[in-house]
There are 2 protein chains.
Amino acid sequence: MQRTRLKGDRIVLDTSLFVNPDVRDDFGRTPTEAINTFLGLAERLPHIEFYMPSSIFKELMHFIDRDKIPARLLTVLHQKSPSKHELTCPAFLLYELIEEMRGRINKGLRFAEKAVRSVGKQDEREVIQNLRKNYREALREGIIDSKEDVDLILLAKELDALLVTADRGAINWAEKMGIRWLLPERFRDYLLDMIERTGG
Amino acid sequence: MQRTRLKGDRIVLDTSLFVNPDVRDDFGRTPTEAINTFLGLAERLPHIEFYMPSSIFKELMHFIDRDKIPARLLTVLHQKSPSKHELTCPAFLLYELIEEMRGRINKGLRFAEKAVRSVGKQDEREVIQNLRKNYREALREGIIDSKEDVDLILLAKELDALLVTADRGAINWAEKMGIRWLLPERFRDYLLDMIERTGG
């Protein structure tokens, strides 16, 4: 009899788990330590496949000490890009993305105009700092805004995997596309419970 | 024997054909006149089906005198939205859109910063006018940026139709998606040649 694939059999990981200090603490004080802790837990769950998009793995490599990463990271954490020339996305998501961008673009212009009008009342450097902050928030926060974000979403979809990410944009799209997701700060407990239940 | 559908059997129209003075002149001095000219030609081509997305038709109605439009417009120019919950788009287009938007968003911020720095050297009103112009060009020109644009592209794809539009964003996407397209200024000649060849 063919084994039915359990929910959570496949997990796609973002870098935040290892590099974001707010969520990494569960796993270790440094990215390298966090990876080693993760590997220790992952090896007790041989029925779960862990994936990371190649683009995200490349980002991770900026933060970690390659020499201290055990070779088994390569066999435990699979690097894989989504099959971007075979996958499709529902057309209505295109509408949502375009409409959302349109609203954000208008908001960005309003911040720019406000900045121009506040020169004279405020120091120019301060005006530009505020402008950058407000503009980035308006145009990029909570939306998928990089090919790495698209990689995460599409890989999780392709593999019918659980997506572990703290990125609001990726979470929003996971919701739109019916992808299961989990915040990194819950991930250690998730793994520990899996280990307990499977006697790993 | 089933009739093979000829290329050009179905045509999707944008409003520019009727409302943009630069291209409309071939058809008439006013939008209403342009529509009547179009109807005269279309009726000599009974084997061609003409479509307009409902959203675009709604836009068109802002420009024309409803009372002067003959009822036959409704039977000749079909209003139809794309089947947006059934259609899909290739995932690699999502990457292209996100990457393109990312570049444009950065460009928009550079224009905003430049505007802030030019206050004092230039009149504030002038600075804001320039900012708006540059910003809109950077973020919206040559890209699909409204649900009406998406409607055009998806309807042409769904119907395997020729898309008649002057919108650079829609044309760019037509190119990406293998949709035939034609500039409105060539459309009168296109119809006349079809009439000649089919003896209409």
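User: How much area do chain B and chain A bury between them?

Analyst: In this predicted model, chain B and chain A bury about 4200 Å² between them, 71% of it on carbon and sulfur atoms. Buried area is the accessible area (1.4 Å probe) that two parts lose on being put together, summed over both.

User: Which three residues of chain B supply more of that area than any other three?

Analyst: B:Tyr95, B:Val116 and B:Tyr135, which supply 17% of the area that chain B buries against chain A.

User: And how many residues does the contact take from each chain?

Analyst: The contact takes 43 residues from chain B and 43 residues from chain A, where contact means heavy atoms within 4.5 Å.

User: How many salt bridges are there between the two chains?

Analyst: The count between chain B and chain A is four. A salt bridge is a side-chain nitrogen of Lys or Arg within 4 Å of a carboxyl oxygen of Asp or Glu. One salt bridge joins the side chains of A:Arg132 and B:Glu113, at 2.6 Å from N to O.

User: Which part of chain B gives the most to the side that touches chain A?

Analyst: H6(B) does, with 18 residues. Helices (H or I, at least four residues) are DSSP runs, numbered from the N terminus.

User: What kinds of residues make up that side of chain B?

Analyst: They divide into 26 nonpolar, five polar and twelve charged. Here Ala, Val, Leu, Ile, Met, Phe, Trp, Tyr, Cys and Pro count as nonpolar, Asp, Glu, Lys and Arg as charged, and the others, Gly among them, as polar.

User: Switching topic: what does A:Lys176 form a salt bridge with?

Analyst: A:Lys176 pairs with A:Glu96, and their closest N and O atoms are 2.5 Å apart. A:Lys176 lies in helix H9 (residues 168-177) of chain A and A:Glu96 in helix H6 (residues 91-118) of chain A, so the pair ties together parts that are 80 residues apart in sequence.

User: What is the mean pLDDT of chain A?

Analyst: It is 90, and 96% of the residues of chain A reach 70 or more. pLDDT is the predictor's confidence in each residue, from 0 to 100. The model scores ipTM 0.84 and pTM 0.86.

User: What should I know about the numbering and the rules?

Analyst: Residues are numbered from 1 along each chain as its sequence is written, and chains are lettered from A and ligands numbered from 1 in the order in which they are written. Local features need pLDDT of at least 70, side-chain atom pairs count only at pLDDT 80 or more, and totals for chains, interfaces and linings use all residues, while side-chain values use heavy atoms, with hydrogens and water left out.

Methods: Helices (H or I, at least four residues) and strands (E, at least two) are DSSP runs, numbered from the N terminus.
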